[in-house]
Amino acid sequence: MIKIKGDIQVLLGMPESDYPDIRGLHLFEHMSDEHFSALMRGSYVQTFPPQIDLISEGDPSDFLHIVLSGSVELFSSWNNRETTMATVWPVSTFILAASIKDAPYLMSARTREKSRIALIPSQDVRGVFSTDHDFACAIVTELAQCYRSVIKSQKDNKLRTSLERLANYLLRQQIKSNGAREFELVLEKRKLASFLGMTPENLSRAFKGLKAYGVIVSGTKITITDQADLETFAKPTPLIDDYAI
């Protein structure tokens with residue numbers, strides 16, 4: 001059943017058509033059918049318009065969220081300053097640790113575009129975690145991967161100059177674009193600057209600085225004209241830039 005709240009559609013109960021996408025996530029793929037069905041019975045789906053706040057840092061972690069379509073920005077604020085922490089794309093969860101630990105959210109989240117989000121009650125996730133061995137192992141693996149990603153992000157921020165961070169970010173985005181010589185930025189430049197720990201002005205200067213290494217910027221389109229020169233300058237390493245290991 002669908003219930004309308006303003007511009008937000010609330011689908012009461014998880015539709016079975018969404019089961020395969022969720023079941024395909026590493027987190028859920030090996031858990032028992034019984035426990036998976038139990039999680040889905042208590043879950044539901046909402047469709048949100050762009051720029052809607054989903055959660056606020058400091059709030060109780062009532063739900064584990066899964067992005068089914070669209071995208072979600074994770075961000076944090078302090079002392080009238082705000083920074084982008086990550087962007088979540090389908091199909092994936094976000095802020096798993098808070099749900100398992102029954103702790104307040106450390107980040108806020110808002111939709112970047114129209115998005116369908118599945119919400120699984122955190123208490124149900126914790127209940128199945130304590131009884132389903134395969135689900136528990138998958139959660140430990142997921143959290144370990146998140147921890148390693150945080151370490152890599154810290155190394156990127158602390159060991160590289162702003163120009164080196166931008167160069168390696170562009171190389172990572174190029175890989176996600178199947179190595180294309182030309183590709184589009186997935187984040188608007190203001191968000192990208194925040195994600196890379198820069199001001200918009202510093203980002204603009206960094207783009208100009210990379211022109212000497214074969215990077216041409218036109219709006220959101222990036223063209224890499226000298227791959228070897230950019231890689232020689234950036235010195236990418238899987239110990240920082242490969243978030244899959």
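1. Start with strands 11 and 13. In this predicted model, 3 bridges join strand 11 to strand 13. The two strands run antiparallel.

2. Look next at one residue, Thr223. It is found in strand 13, which covers residues 221–224. Opposite Thr223 stands Glu182. Is Thr223 buried or exposed? Thr223 counts as buried, because its relative accessibility is 8% and the cut-off for buried is under 20%.

3. What does Thr223 touch, leaving out residues up to four places away in sequence? Its contacts are Arg181, Glu182, Gly214, Val215 and Ile216.

4. Turn to the cysteines. How many disulfides are there? The count comes to 0. A disulfide is a covalent bond between the sulfur atoms of two cysteines. The rule asks for sulfur atoms within 2.5 Å. For Cys137, the closest cysteine sulfur is in Cys146, 16 Å away, so a bond is ruled out by distance. For Cys146, the closest cysteine sulfur is in Cys137, also at 16 Å and too far for a bond.

5. Check how accessible these cysteines are. Cys137 has 37% relative accessibility, so it counts as partly exposed. Cys146, at 38%, also counts as partly exposed.

How values were computed. Residues are numbered from 1 along each chain as its sequence is written. This is a predicted model: local features need pLDDT of at least 70, side-chain atom pairs count only at pLDDT 80 or more; totals for chains, interfaces and linings use all residues. Side-chain values use heavy atoms; hydrogens and water are left out. Buried means under 20% relative accessible area, exposed over 50%, partly exposed in between (1.4 Å probe, protein chains only). Helices (H or I, at least four residues) and strands (E, at least two) are DSSP runs, numbered from the N terminus. Contact means heavy atoms within 4.5 Å. Two strands pair if DSSP finds at least two bridges between them.
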